[in-house]
Amino acid sequence: MRPDAGYWIAWSKISGVGAMRLRRLWEHFGDMQLAWAAGSSALAAAGLDQRTIQAALSERSQLDPVAEAARLVQAKVDLVTIADASFPALLRPIEGAPAALHVTGALEIADEVAAAVVGSR
């Protein structure tokens with residue numbers, strides 16, 4: 001599992017942060033742990049609006065990324081993100097596609113043409 005997996009999960013629990021904003025954070029910071037520690041000006045530079053920045057600043061103290069990662073491990077679920085080479089290539093360019101996938105088992109080459117049911121949180 002990626003070292004910053006818990007931060008991807010924690011960010012996804014911040015009000016106003018969905019797939020598009022997760023992508024922006026990843027593209028700007030390159031590491032979700034760095035994004036988690038960022039101040040308001042850095043979050044604005046990453047493309048977050050003021051409402052989302054305020055939500056992040058107030059809500060992240062109530063979230064524990066390390067505990068989020070531990071829950072994934074306990075549930076035997078892997079997190080595959082847009083930052084991972086194993087993220088489905090056909091899904092990557094779709095606007096609004098999820099930025100992270102919860103995976104049980106393994107993604108195989110044959111899965112490139114498979115269908116899946118993707119839901120929110």
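**Exercise 1. Decide whether Ala56 is buried or exposed, and place Ala56 in the fold.**

Step 1. Ala56 has 0% relative accessibility, so Ala56 counts as buried. Here buried means under 20% relative accessible area, exposed means over 50%, and partly exposed lies in between (1.4 Å probe, protein chains only).

Step 2. Ala56 sits in helix H5, residues 50-59. Helices (H or I, at least four residues) and strands (E, at least two) are DSSP runs, numbered from the N terminus.

Step 3. Leaving aside neighbours within four places in sequence, Ala56 is in contact with Trp11, Ile14 and Leu43; contact means heavy atoms within 4.5 Å.

A word on the model before we go on: it is predicted, so local features need pLDDT of at least 70 and side-chain atom pairs count only at pLDDT 80 or more, while totals for chains, interfaces and linings use all residues. Residues are numbered from 1 along each chain as its sequence is written, and side-chain values use heavy atoms, with hydrogens and water left out.

**Exercise 2. Find which residues Thr81 is in contact with.**

Step 1. Start with the element: Thr81 belongs to strand E1, residues 78-81.

Step 2. Thr81 is buried, because its relative accessible area is 0%.

Step 3. Neighbours within four places in sequence aside, the contacts of Thr81 are Arg2, Trp8, Phe87, Ala99 and Ala100.

**Exercise 3. Work out how many aromatic pairs the structure holds, and describe two of them.**

Step 1. The structure holds three aromatic pairs. Rings of Phe, Tyr and Trp (its six-membered ring) pair if their centres lie within 6.5 Å; planes under 30 degrees apart count as stacked, over 60 as edge-to-face and the rest as tilted.

Step 2. One of them joins Tyr7 and Trp36 edge-to-face, at 6.2 Å centre to centre and 70° between the planes. Tyr7 lies in helix H1 (residues 5-12) and Trp36 in helix H3 (residues 32-37), so this pair ties together parts that are 29 residues apart in sequence. Both Tyr7 and Trp36 are buried.

Step 3. Trp8 and Trp26 make a tilted pair, with 5.8 Å between centres and 35° between the planes. This pair links distant parts of the chain, Trp8 being in helix H1 and Trp26 in helix H2 (residues 19-29), 18 residues apart. Trp8 counts as buried because its relative accessibility is 2%.

Step 4. Tyr7, Trp11 and Trp36 form one aromatic cluster.

**Exercise 4. Trace the salt bridge between Arg2 and Asp84.**

Step 1. A salt bridge is a side-chain nitrogen of Lys or Arg within 4 Å of a carboxyl oxygen of Asp or Glu. By this rule the count is five.

Step 2. In the salt bridge of Arg2 with Asp84, the closest N and O atoms are 2.7 Å apart. Arg2 lies in the segment before H1 and Asp84 in the loop between E1 and strand E2 (100-103), so the pair ties together parts that are 82 residues apart in sequence.

Step 3. Arg2 and Asp84 are both buried. A network of salt bridges links Arg2, Asp4 and Asp84.

Step 4. Arg2 also lies over the face of Trp26, 5.3 Å from the ring centre; the rule asks for NZ of Lys or CZ of Arg within 6 Å of the ring centre and within 35 degrees of the ring normal.
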